[in-house]
Amino acid sequence: MIDVKHLKKSFNDLEVLSDINETIDEGEVVVVIGPSGSGKSTFLRCLNLLETPDDGEVWVDGEQINVPGIDVNKVRQKMGMVFQHFNLFPHLTVMENITLAPVKLGKLTKEEAVKKGEELLATVGLSEKADAYPAQLSGGQKQRIAIARSLAMEPEIMLFDEPTSALDPEMVGDVLDVMKKLAKSGMTMVVVTHEMGFAKEVGTRILFMDGGLVMESGTPEQIFDDPQNERTKLFLSKVLK
Amino acid sequence: MTWLDDFQNTFYKCFIKDDRYMLMLDGIGVTIKVALLAAFMGIIIGFLIALCNLSRKKPLNLIGKVYTDVIRGTPSVTQLMIVYFVIFASVHWEKWIIAAIAFSINSGAYVSEIIRAGILSVDNGQTEAGRSLGLNAKQTMISIVIPQAMKNIFPALGNEFITLVKETAIVGYVGLVDIQKAGDFIKSATYEAFMPLIGTAVIYFVLIKLLTLGLAKVESGLRKSDVR
């Protein structure tokens with residue numbers, strides 16, 4: 001579903017991604033872990049071209065997307081993204097946040113989008129917030145709305161960029177629950193996170209990144225119980241106490 | 001109570017006698033017409049110039065920069081007279097429309113800087129969220145960035161509008177009779193300085209006060225999504 005070949009990305013002189021090769025299949029829940037600055041977020045952002053790769057290839061559904069002439073907007077409609085800082089549209093109500101893209105892009109009519117929005121709000125447990133503005137919501141609620149907003153486009157793939165890192169601890173659980181539900185429904189997901197519990201429980205595969213490379217990849221059991229790479233061991237010894 | 005009688009007499013002479021208040025009323029009309037049309041067109045010009053300045057295309061940047069530089073670097077009276085007597089010399093439109101065009105060209109330069117700052121003030125995450133949903137750059141700008149920018153810049157834009165209303169007091173230079181010029185005429189006709197000039201000031205003040213109140217009302221409407 002997603003194929004990444006020799007992906008490289010630098011910011012000025014800083015090489016963030018050295019050489020990433022990875023294949024993500026349909027239905028996988030790939031959890032990317034690793035220390036800060038290891039390139040996890042940049043890797044994720046290269047998948048929907050929020051960052052333009054310097055070199056290498058990104059393929060989605062058998063089509064290379066980092067070449068001139070590709071309709072980036074069409075590709076992004078297939079890939080939802082959830083951000084660390086939610087990025088809800090503060091001037092719109094919750095329902096308008098959710099219906100904006102599908103209606104603007106002609107995917108759904110206004111009525112269909114509202115109906116879809118109601119279903120999604122029920123899924124994330126926030127039906128009563130349809131007419132609220134983002135400023136009236138807690139962080140956890142905002143993130144659940146952000147997930148609903150992405151799902152309204154009926155994406156094939158969902159990308160999560162540290163979705164719980166900006167939340168108060170007591171809010172984390174609600175957001176993770178929604179993500180678990182989504183994973184169970186068979187959604188293909190790529191999740192950058194520091195939540196090791198989530199990685200263990202929900203991930204079908206773990207990528208450990210460090211220094212712009214994927215150092216180790218495997219099932220949660222392999223990575224957490226029997227890591228092979230020294231750096232993986234060191235990282236896990238620090239985060240799993 | 002002689003000073004009160006004096007006051008009443010002068011007031012009568014300046015504003016009532018020979019229907020001079022009609023001159024003033026017409027002047028108020030001219031000021032309002034010119035200011036409204038100029039503000040409207042100024043916002044459109046300001047938007048276009050702001051987009052030029054924010055564009056990644058070098059020629060557009062240059063157009064925006066030269067425009068802002070030239071307008072900010074020359075007096076508005078000079079601009080008004082150039083527009084009226086040079087650029088529109090052979091165009092026989094109504095005077096007030098040509099004057100409004102001149103003021104909109106001037107105001108556009110200031111508005112563009114306000115709008116540019118407003119657009120830059122919107123968090124980049126908003127653009128990323130819009131783009132990641134599959135909206136193109138233009139759709140993201142129109143549905144997501146500009147509405148938020150407008151809210152941020154509304155006070156500054158209101159301020160610019162107030163400045164614009166007062167700036168129009170120079171339209172007398174191209175033969176339009178606005179509030180200022182009407183006051184001037186009355187001064188010449190009556191040989192009174194105090195009453196017509198203070199009257200002019202009071203009228204401008206009341207006009208601006210009403211405008212400020214109106215703007216405050218609109219602004220509180222725009223803030224409805226901020227409630228917590």
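Being four residues apart in helix H4 of chain A, Lys115(A) and Glu119(A) are separated by about one helical turn. In this predicted model, the two side chains form a salt bridge, with the closest N and O atoms 3.7 Å apart. Lys115(A) is exposed, its relative accessible area being 52%, whereas Glu119(A), at 43%, is partly exposed. Helix H4 of chain A spans residues 110-123 and also contains Glu112(A). At a relative accessibility of 42%, Glu112(A) is likewise classed as partly exposed. Ten residues separate Glu112(A) from Pro102(A) along the chain, and the C-alpha atoms of the two residues lie 9.4 Å from each other.

A corresponding arrangement occurs in chain B, where Asp69(B) and Lys65(B) are four residues apart, about one turn, within helix H3 (residues 58-72). Their closest N and O atoms are 3.5 Å apart, and the pair forms a salt bridge. Asp69(B) counts as partly exposed, with a relative accessibility of 44%. Over all chains, the search of the whole structure returns 19 salt bridges. Charged side chains also form a network of salt bridges in chain A, which links Glu22(A), Glu28(A) and Arg205(A).

The contact between the two chains involves 24 residues of chain A and 22 residues of chain B. Together the chains bury about 2,000 Å², of which 59% falls on carbon and sulfur atoms. On the chain A side, the residues that lose the most area to chain B are Phe89(A), His91(A) and Tyr133(A), which together account for 25% of what that side buries. One salt bridge is counted between chain A and chain B. The partners are Arg45(A) and Glu128(B), with 2.6 Å between N and O. Arg45(A) belongs to helix H1 of chain A and Glu128(B) to helix H6 (residues 124-132) of chain B, so this pair joins two chains. Both Arg45(A) and Glu128(B) are buried; the term denotes a relative accessible area under 20%.

Helix H1 of chain A (residues 40-47), which supplies Arg45(A), lies across strands E1 (2-11), E2 and E4 of chain A, and runs at about 120° to E1(A). These strands belong to an open sheet of four strands in chain A, arranged in the order E2-E1-E4-E5 with antiparallel pairing. Strand E2 (14-24) and strand E5 (63-64) of chain A form its edges, each pairing on one side only. E5(A) is joined to strand E4 (residues 55-60) of chain A by two bridges, the two strands running antiparallel. In this pairing, Trp59(A) stands opposite Gln64(A) of E5(A).

A further open sheet in chain A comprises six strands in the order E6-E7-E8-E3-E9-E10, and its pairing is mixed. E6(A) pairs with strand E7 (residues 157-161) of chain A in the parallel sense, over four bridges. Within this pairing, Phe160(A) in E7(A) is the bridge partner of Val82(A).

The search of the whole structure finds zero disulfides over all chains. In chain B, Cys14(B) is buried, with a relative accessible area of 0%. Cys52(B) is also buried, its relative accessible area being 13%.

Methods:
Residues numbered from 1 in each chain as written. Chains lettered and ligands numbered in written order. Predicted model: local features only at pLDDT ≥ 70, side-chain atom pairs only at ≥ 80, totals over all residues. Heavy atoms only, no water. Pairing = 2+ DSSP bridges. Buried < 20%, exposed > 50% of the residue type's maximum accessible area, 1.4 Å probe, protein only. Disulfide = S-S within 2.5 Å. Contact = heavy atoms within 4.5 Å. Buried area = accessible area lost by both parts, 1.4 Å probe. Salt bridge = Lys/Arg side-chain N within 4 Å of Asp/Glu carboxyl O. Axes fitted to C-alpha atoms, helices over the stretch in contact; angles between N-to-C directions.
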